[in-house]
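Trainee: I am new to this structure. Please take me through one part of it closely, the aromatic pairs, and then what surrounds the ligand.

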Amino acid sequence: MIAMTAAELTLEKTPLERYVAPAKPSLVGASRAELAAMLGHIGVPERAQKMRAQQIWHWLYVRGARDFSDMTSVSKDLRAELEQHFTLERPEIVAEQVSNDGTRKWLLRLPGETVGERPHEVECVYIPETDRGTLCVSSQVGCTLNCSFCHTGTQRLVRNLTAGEIVGQIMVARDRLGDFLGQEHAKGPGLPTEGERFVSNIVMMGMGEPLYNFEAVRDALLVASDGEGLSLSRRRITLSTSGVVPNISRTGEEIACMLAISLHAVRDDLRNELVPLNRKYPIKELLEACRNYPGVSNARRITFEYVMLKGVNDSLSDAKELVRLLKGIPAKINLIPFNPWPGTTYECSDWEQIEKFSEVVFNAGYASPVRTPRGRDILAACGQLKSATEKLSVRERMALRAMAMTD
Ligand code: SAH
Ligand code: SF4
């Protein structure tokens, strides 16, 4: 039995407390302002900081430099200085799995030391499609919110990722796929053909609740969407939340990315069970925040995710209620077939039922794509991510859930 203190259970409030950052910081993930400040620390005079930061920014985010010696437009002296104080370290790939549909899942070990714990790891998944390549990025190691149908929620260890570790996942994917300027594209089944951008879209749908790590996620997404760097359009970045209402308007104001809501149920009693955070922020409040989401319009709709659980939330009256609830909100509905994981008692709805459900939604005027499960054979599909930590006991899960409700 693992005894946990309250401090450990509320790790989103005390992130990184058992984590020792690398002695030499990595420049990966730094914003322009941070880069300039870092240069200031190593003696670059103020008048030169902006220009130098701009040069290094280009090497970092456009060319994906992995070694300071690659930065040929930077003077030798400065390169040596940089080398002495900083690294270009990214998360390290400890395992790569390639699905027969081309989906790739990377288990990433995060830089730094962990005190008395196993190394901190997250998963990151790349999903190639004909018109895009989507990278599913994690925001936390594990998740404090124990949604009953989600594998990540069963993971004990939880800490917030830093902005650098979030950007680092995009960097690793681009490294691995040869997706930086001047690199040779990777080849393989399911991968796009030459000349196409491999990572064109980002979804914050990996491990963790991004709105419980707001500042780091925001800073990372602002780096990712910078037009002179990683250059991912904000319209191609989607942040998915289980419904942390107070941070929804901030997401629109400070990140201005697309929003997805993990709704999954149309009644509070059922949603309390599936998404326990609903006890704190019930459906009505959540939908109100969506109505007021900055920038929402018919051209910029909110995606409502709805996982199809057999006999739980998949009746046609649920479908009708879903349509009624979303009236007036510019919305898309994304039906997600439940992806099973070892130990779950839920089952995916029958295909016939998913089709009937989808028809009700479609007839009400919503595009209702059913998300094709990708990478199921390598446990890379939605909600199947879990880095290798042991399962929680029932008591620990209950305690975590209670803490999440009251903080
Ligand atoms: N924490 C955030 C983002 C990560 S989860 C959130 O909950 O929105 C990404 C999506 O996968 C969410 O919609 C989540 O509810 C869904 N999901 C979780 N477990 C799943 C499973 N086993 N099968 C299908 N979808 C799942
Ligand atoms: Fe966390 Fe999202 Fe999984 Fe819920 S569905 S436990 S919020 S990762």
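Mentor: This predicted model holds three aromatic pairs. Take Trp 57 and Tyr 61. Their ring centres are 4.6 Å apart and their planes stand at 75 degrees. Planes over 60 degrees apart count as edge-to-face, so this pair is edge-to-face. Both residues belong to helix H3, which covers residues 46–61. They are four residues apart there, so about one helical turn separates them. Trp 57 is buried, at a relative accessible area of 2%. Tyr 61 is buried too, at 1%.

Another pair joins Phe 338 and Tyr 346. It is also edge-to-face, with 6.1 Å from centre to centre and 70 degrees between the planes. Phe 338 and Tyr 346 are both buried.

Go back to Trp 57. The charged end of Arg 32 sits over its ring, 4.5 Å from the centre.

Now the ligand. Ligand 1 is surrounded by 21 residues. Among the closest are Gly 208 and Asn 339. Ser 262 places a polar side-chain atom 2.5 Å from an oxygen atom of ligand 1. For Ser 240, a polar side-chain atom lies 2.7 Å from a ligand oxygen. In His 264, a side-chain N or O atom is 2.6 Å from an oxygen of ligand 1. On its own, ligand 1 has 530 Å² of accessible area, and the protein covers 96% of that. Strands E10 (237–241), E12 (302–308) and E13 (331–337) each give two or more residues to the shell. The shell's residues divide into 10 nonpolar, nine polar and two charged.

Definitions and conventions
Residues are numbered from 1 along each chain as its sequence is written. Chains are lettered from A and ligands numbered from 1 in the order in which they are written. This is a predicted model: local features need pLDDT of at least 70, side-chain atom pairs count only at pLDDT 80 or more; totals for chains, interfaces and linings use all residues. Side-chain values use heavy atoms; hydrogens and water are left out. A residue is near a molecule or strand if one of its heavy atoms lies within 4 Å of it. A polar contact is a pair of N or O atoms within 3.5 Å; within protein, one must be able to donate a hydrogen and the other to accept it, and residues adjacent in sequence count only if both atoms are side-chain atoms. Accessible areas come from the Shrake-Rupley method with a 1.4 Å probe; for residues, only the protein chains shown count as cover. Ala, Val, Leu, Ile, Met, Phe, Trp, Tyr, Cys and Pro count as nonpolar, Asp, Glu, Lys and Arg as charged, and the others, Gly among them, as polar. Rings of Phe, Tyr and Trp (its six-membered ring) pair if their centres lie within 6.5 Å; planes under 30 degrees apart count as stacked, over 60 as edge-to-face and the rest as tilted. Buried means under 20% relative accessible area, exposed over 50%, partly exposed in between (1.4 Å probe, protein chains only). A charge sits over a ring if NZ of Lys or CZ of Arg is within 6 Å of the ring centre and within 35 degrees of the ring normal.
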